[in-house]
Amino acid sequence: MLLFIRALTPLHVGAGRGVSIHVDLPLQRDEFDFPTIWASSLKGALRANVPDSNLRKVLFGPEPRSGELESSPVSITDARLLLIPARILTGVWSYATSPHMLSQLNTLLSTMNKGIVSVPRLQQGKAVVSKKDLLLRDARGREYVTVNEISFEAVAGGDETLKTLGNVLPDELRKLVEEKGLIVIPDEHSRMIVNRSLVIQYRVRLKSETKTVEEGPWSEEYLPSETVMASLIICKDGKMRKEGSGESKVEKISSAEVCNMLRNSFRELNYTIYVGGKETIGKGLVKLYFM
């Protein structure tokens with residue numbers, strides 16, 4: 001299954017202290033320095049949110065240090081950045097992506113033998129937008145788009161990309177992308193645009209008696225609300241222990257049943273869970289889309 005993750009509130013899945021000189025608590029990042037959610041963190045969050053303990057064991061294996069050696073029938077890849085909200089001048093925000101980010105989604109799709117997303121060929125330094133109303137015109141008549149306070153010469157020509165991406169996205173996300181528009185920015189500028197979309201929040205811890213600073217300030221890095229990431233879930237055949245007539249019986253379950261059980265286990269939660277820390281201050285709320 002494809003798993004799309006949509007941040008409903010700012011999202012911090014941290015890499016720990018001491019790994020960045022720019023912020024005290026940075027986000028996890030992939031080998032290309034884009035924000036990501038490592039598979040171990042994502043799988044841990046999914047496991048923690050499965051309400052039924054027996055089902056949790058079936059899907060994710062026994063608890064660590066339990067002494068049991070059964071492995072999990074569910075494998076999960078890192079969640080890669082696909083779409084990030086970016087500030088624009090012709091509205092409040094639009095979705096930004098890049099050929100690199102689209103190509104990473106195509107890698108997941110090819111694993112599933114699914115149709116791929118059309119990746120536009122960008123001219124040097126130029127962007128492509130999905131809607132004409134995202135464009136501005138300068139004094140010389142050239143069209144451009146301003147993304148996170150950086151202007152790119154641009155053309156409207158992202159219809160095919162938006163159409164093929166819409167064939168992959170769940171309906172709710174597809175409608176949101178169509179409404180907000182899509183800007184495909186050149187790869188050479190993509191990390192800068194992504195970093196300018198991140199939210200840096202400074203925090204302190206106060207002494208309860210005197211309301212003076214006990215610790216801090218320290219800085220935390222967040223992905224903005226409405227960020228969309230993509231991961232791949234691979235299910236294998238599993239085992240389920242059933243009790244009856246005074247004895248337990250182990251039954252095999254197919255990989256398709258494992259995937260269905262995983263998807264359905266989040267139905268009661270409306271597919272909405274917390275990922276990462278900071279949930280007590282309203283951060284890390286995401287919606288899951290199993291495709």
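Residues 24 or more positions apart account for 65% of the contacts in this protein with a separation of 6 or more. A contact means heavy atoms within 4.5 Å. This is a predicted model: local features need pLDDT of at least 70, side-chain atom pairs count only at pLDDT 80 or more, and totals for chains, interfaces and linings use all residues. Residues are numbered from 1 along each chain as its sequence is written, and side-chain values use heavy atoms, with hydrogens and water left out.

**Overall build**

- The protein has 7 helices and 17 strands. Helices (H or I, at least four residues) and strands (E, at least two) are DSSP runs, numbered from the N terminus.
- Its C-alpha atoms fill a box of roughly 85 × 60 × 30 Å, taken along the principal axes.
- The chain has 291 residues, and 46% of them count as buried. Buried means under 20% relative accessible area, exposed means over 50%, and partly exposed is in between (1.4 Å probe, protein chains only).
- The accessible surface is about 15,000 Å². Carbon and sulfur atoms hold 48% of that surface. Such areas come from the Shrake-Rupley method with a 1.4 Å probe; for residues, only the protein chains shown count as cover.

**Charges and salt bridges**

- There are 39 positive and 35 negative side chains. Lys and Arg count as positive and Asp and Glu as negative, while His and the chain ends are not counted.
- The centres of the two sets lie 1 Å apart. Each charge is placed at NZ of Lys, CZ of Arg, CG of Asp or CD of Glu.
- Side chains of opposite charge can pair when their charged atoms come close.
- The count comes to 13 salt bridges. A salt bridge is a side-chain nitrogen of Lys or Arg within 4 Å of a carboxyl oxygen of Asp or Glu.
- K126 forms a salt bridge with E153, and the closest N and O atoms are 3.4 Å apart. The pair links distant parts of the chain, 27 residues apart. K126 is in the loop between helix 3 (99-111) and strand 6 (127-129), and E153 is in strand 9.
- K126 is partly exposed at 24% relative accessible area. E153 is partly exposed too, at 35%.
- R137 pairs with E143 in a salt bridge, with the closest N and O atoms 3.1 Å apart. R137 counts as exposed, at 55% relative accessibility.
- K287 and E172 meet in a salt bridge of 3.2 Å, N to O. This pair also links distant parts of the chain: K287 in strand 17 (residues 285-290) and E172 in helix 5 (residues 171-180), 115 residues apart.
- K287 is buried, with a relative accessible area of 17%. E172 is partly exposed at 37%. Salt bridges that share partners join R6, E172, E226 and K287 into one network.

- T90 lies in the loop between strand 4 (79-87) and strand 5 (93-97). T90 is partly exposed, with a relative accessible area of 32%.
- Leaving aside neighbours within four places in sequence, T90 touches D133, L134, L135 and L136.
- The C-alpha atoms of T90 and V147 are separated by 10.0 Å. These two residues are 57 residues apart along the chain.
- N148 lies in the loop between strand 8 (143-147) and strand 9 (150-156). N148 counts as buried because its relative accessibility is 0%.

**A nonpolar patch**

- V204, L206 and V213 make a nonpolar surface patch of about 230 Å². Patches are made of residues with over 30% relative accessible area and no salt bridge: like charges are joined within 9 Å, nonpolar side chains (Val, Leu, Ile, Met, Phe, Trp, Tyr) within 5 Å.
- V204 is found in strand 11 (residues 199-206). V204 counts as partly exposed, at 40% relative accessibility.

**Positive phi angles**

- Most residues other than glycine have a negative phi, and most peptide bonds are trans.
- N270 is not a glycine, yet its phi is positive, near 55°. Y271 is not a glycine either, and has a positive phi of about 60°.
- N270 lies in the loop between helix 7 (255-264) and strand 16 (272-274). Y271 is placed in the loop between helix 7 and strand 16.
- N270 is partly exposed, with a relative accessible area of 49%. Y271 counts as buried, at 17% relative accessibility.
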